[in-house]
Amino acid sequence: MATADIAHHDDHDHHPYGFMRWVTTTNHKDIGTMYLIFSLVMFFVGGAMAMMIRAELFQPGLQVIDPQTFNMMTTMHALIMIFGAVMPGFVGFANWQIPLMIGAPDMALPRLNNWSFWILPFAFTMLLGTLLVEGGGPAGGWTLYAPLSIQGGMGVDMTILAIHMMGISSVLGAINVIVTIFNMRAPSMTLMKMPLFVWTWLITAFLLIAVMPVLAGAVTMLLTDRHFGTAFFDPAGGGDPVLFQHVFWFFGHPEVYILILPAFGVISEIIPTFARKPLFGYDSMVFATAGIAFLSFIVWAHHMFTVGMPLTGELFFMYSTMLIAVPTGVKVFNWISTMWRGSMTFETPMLFAVAVVFLFTIGGLSGLMLAITPADFQYHDTYFVVAHFHYVLFSGSIMAMMGAVYYWLPKWTGHMYNEKLGQLHFWLTAIFFNITFFPQHFLGLAGMPRRIPDYALQFTEFNVVSSIGAFGLGIAQLLFVYIVVQTIRGGQKASDEVWEGSHGLEWTLPSPPPYHTFATPPQVR
């Protein structure tokens, strides 16, 4: 608390403006805004790489980029989208909303907060700089599997340093979130009265602290194999490439939940507001979130069913993976129950929230298919997997972030976004997303491998459809930027109760409702 006070005191002493205001700020709102802008820029950089991938796959044969560049694009697209777009975006929402939701004046460690952000632009300059060095960027897939990544040029070393920097940023941000939530809640706010967005972020922060050092260890072992004569992953020296997969996926699977749990929190804020009902089963939502986080640590090898594990191992990872469907199902059930017989309206944030529930469930079901070990031998490393994780991460994380922007932007700016344009952006995004990724399920089931720049003729039609969808999806996001900029620069004034104040339900309603709010049911007009 003292640190926050000192930082605020410093702010009153002198007010830097212009560029220095953003470099030196310790204000959680400024830092949240910078995270969100950075996330948006990286979203477009990663999206441009996806456009190159889909342009190459529009027709069989090699026409747009050479195979090495194609491999670099698939690798960089994933690293930028995960570490540059989704994670910083959710940290931006955390910075903005957590102090507001728990009644804190700021984050607990404001200077650390500033540093956490400013590490990122340097990390991603390093990552993108790999495209300019001899030998090019990393081309072994975002998983950086040995032995592929042992062989690359200087670009792989730069990537390793960039990953270390991103990891430092994430761990510092997570420490800040945990300290803020535990130490700076309003006096009457017990843990079980916190809004669900705060809960999901608290659990996510613990996941980050647990797994980012594991990734750092994996890439450090890679670095020593490359330059210092160790042989962790080199069979010639007694190492094992499968060890890299074990260490990487011990990070990689909880990472998937780091990317999706804050999205669950956002959905749990939006749906009760537009259903005009308190969230159904608040306690079970908290426990389900914690259960998902715990289980995420014991399922990592389901990414590795084809490496030749013992049958016992395959069975364990198959059953434990299926077990994650239980708490996830609880969440989906609770969201649907919240909407059930609610007085629902479908403004843009609600459209995104409902779409997330529906499309994420499709991704979850294809995940269950991948969990079936004998079936996974057929699906492994095909486009079915690509379709699965985009249904989880684009329609789960990214669309939840878009819904959150529409939901909180009036609160942040005092201006209302253009509802008609917001709904147009939603429908373009939802339709083009499905045109892009749904056909990839069929491509994968028919046997098309992922990460290839060329393919057999029988896969042409679905690839054409997928590429057209991808370009439509990319162009639709320009409308999103236009709407956000237009709202920030000024629009219709936002009222105190933006979302349907006539229902007597304040739009910033936290997910566990204040006890007095529902003593008398709101009059539904």
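Predicted model: local features only at pLDDT ≥ 70, side-chain atom pairs only at ≥ 80, totals over all residues.
## Overall architecture

The protein chain contains 17 helices and 2 strands. Its C-alpha atoms occupy a box of roughly 70 × 50 × 45 Å along the principal axes. The radius of gyration of the protein chain is 23 Å, which agrees with the value near 24 Å that a compact globule of 525 residues would have.

Of the 525 residues, 56% count as buried. The accessible surface amounts to about 21200 Å², and carbon and sulfur atoms account for 70% of that surface. When contacts between residues at least 6 apart in sequence are considered, 82% of them join residues at least 24 apart.

## Aromatic pairs

The count of aromatic pairs in the model is 42. One of them is formed by F244 and F248, a stacked pair with 6.0 Å from centre to centre and 20 degrees between the planes. Both residues belong to helix 9 (residues 241–275), where a spacing of 4 residues separates them by about one helical turn. F244 is buried, its relative accessible area being 0%; F248 is likewise buried, with a value of 3%.

A second example is the pair of F394 and F433, whose ring centres lie 5.3 Å apart; the planes meet at 15 degrees, so the pair is stacked.

A contact of another kind involves R21 and W22. The charged end of R21 sits over the ring of W22, at 4.3 Å from the ring centre.

V356 is located in helix 13 (residues 348–371). The residue is buried, and its relative accessible area is 3%. Beyond neighbours up to four places away in sequence, V356 touches I267, T361, S395, G396, M399 and A400.

Which distances describe V356 and M399 in sequence and in space? The two residues are 43 residues apart in sequence, while their C-alpha atoms are 6.6 Å apart in space.

T382 lies in the loop between helix 14 (373–379) and helix 15.

The side chain of T382 reaches the backbone oxygen of Y379 at a distance of 2.6 Å. When neighbours within four places in sequence are left aside, T382 is in contact with G444, M448, P449 and R450.

Conventions:
Residues numbered from 1 in each chain as written. Heavy atoms only, no water. Phe/Tyr/Trp six-rings, centres within 6.5 Å; stacked < 30°, edge-to-face > 60°. Buried < 20%, exposed > 50% of the residue type's maximum accessible area, 1.4 Å probe, protein only. Lys NZ or Arg CZ within 6 Å of the ring centre and 35° of its normal. Contact = heavy atoms within 4.5 Å. Rg over C-alpha atoms; globule rule 2.2 N^0.38 Å. Areas by Shrake-Rupley, 256 points an atom, 1.4 Å probe, with all protein chains shown as cover. Polar contact = N/O pair within 3.5 Å; in protein donor to acceptor, adjacent residues only side chain to side chain.
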